[in-house]
Amino acid sequence: LGLLIAVAGAVPGAPRALAQQAAAPAAAAASPTDEKLHAFIVAALKVGDLIDEWSPKIEAAKTPEEQDKLKQQANSELVAAIQGNGDLTLPEYQEISTAAENDPALQERILSILQQGGPQKQ
């Protein structure tokens, strides 16, 4: 569950970029619908794979310029993964992620969806 909640923070440089793009009121995430939670989980799984792919590339960059270019590419792919299925916006993803960090009941809902075998990456 921690991976799903904090997944966007694992790419060096991505948290600031995503946070800036996702700055929005968190009130809407107080009680996301099951549909939004499913979309969040699908997106988080995709983002996790992207983080696994991009982190070593960014860390291996030889120059700060190359590192910045790779971070921009990673951020673009992260945003596309989050918004890819059309059911979730970047601000909604960030809101659910933030809310889940602080809300045990929401964490339980996410765990329940995962334990029921769904959703899977698409």
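At what angle do α3 and helix α4 pack, and how far apart are their axes? I began with this pair, working from a predicted model.

**Entry 1: α3 and α4**

I read an angle of about 170° between α3 and helix α4 (residues 64–83), with the axes 9 Å apart. An angle over 145° counts as roughly antiparallel, and α3 is therefore roughly antiparallel to α4. I then listed the residues that make the contact. On the α3 side they are A43, K46, V47, L50, I51, E53, W54, K57 and I58. On the α4 side they are Q67, L70, K71, Q73, A74, E77, L78, A81 and I82. Sorted by class, this contact of α3 with α4 holds 11 nonpolar, 2 polar and 5 charged residues.

**Entry 2: A81**

Is A81 buried or exposed? Its relative accessible area is 12%, and the limit for buried is under 20%, so A81 is buried. Leaving aside residues up to four places away in sequence, I found that A81 touches A43, K46, V47 and L50. I also looked up the C-alpha atoms of A81 and A44, which are separated by 8.4 Å. These two residues stand 37 residues apart along the chain.

**Entry 3: W54 and K57**

I next examined two α3 residues from the contact with α4, W54 and K57. The charged end of K57 sits over the ring of W54, at 4.6 Å from the ring centre.

**Entry 4: α3 and α5**

How do the axes of helix α3 and helix α5 cross? I noted that the axes of helix α3 (residues 34–60) and helix α5 (residues 90–102) come within 10 Å and cross at roughly 95°. Angles of 65 to 115 degrees count as roughly perpendicular, and α3 and α5 are therefore roughly perpendicular to each other. From α3, the contact is made by K36, L37, F40, A43, A44 and V47. From α5, it is made by E92, Y93, I96 and S97. I recorded 7 nonpolar, 1 polar and 2 charged residues for this contact of α3 with α5. I noted A43 and V47 on the α3 side here; A43 and V47 are also among the α3 residues in the contact with α4.

**Entry 5: the aromatic pair**

How many aromatic pairs does the structure hold? I found 1 aromatic pair. The ring centres of F40 and Y93 lie 5.0 Å apart and the ring planes stand at 40°, so the pair is tilted. F40 belongs to helix α3 and Y93 to helix α5, so the pair ties together parts that are 53 residues apart in sequence. I then checked the accessibility of each partner. F40 counts as buried because its relative accessibility is 0%. Y93, at 1% relative accessibility, likewise counts as buried.

**Entry 6: L114**

I turned to L114, which is found in helix α6 (residues 104–115). L114 has a relative accessibility of 30% and therefore counts as partly exposed. Its C-alpha atom and that of H38 are separated by 9.1 Å. Along the chain, L114 and H38 are 76 residues apart.

**Entry 7: the whole chain**

The chain has 6 helices and 0 strands, and from the N terminus on its elements run α-α-α-α-α-α. Of its 122 residues, 39% count as buried. Among contacts in the chain with a separation of 6 or more, I noted that residues 24 or more positions apart account for 78%.

Terms used. Residues numbered from 1 in each chain as written. Predicted model: local features only at pLDDT ≥ 70, side-chain atom pairs only at ≥ 80, totals over all residues. Heavy atoms only, no water. Axes fitted to C-alpha atoms, helices over the stretch in contact; angles between N-to-C directions. Helix = DSSP H or I, 4+ residues; strand = E, 2+ residues; numbered from the N terminus. Parallel < 35°, antiparallel > 145°, perpendicular 65-115°, else oblique. Contact = heavy atoms within 4.5 Å. Nonpolar A, V, L, I, M, F, W, Y, C, P; charged D, E, K, R; others polar. Phe/Tyr/Trp six-rings, centres within 6.5 Å; stacked < 30°, edge-to-face > 60°. Buried < 20%, exposed > 50% of the residue type's maximum accessible area, 1.4 Å probe, protein only. Lys NZ or Arg CZ within 6 Å of the ring centre and 35° of its normal.
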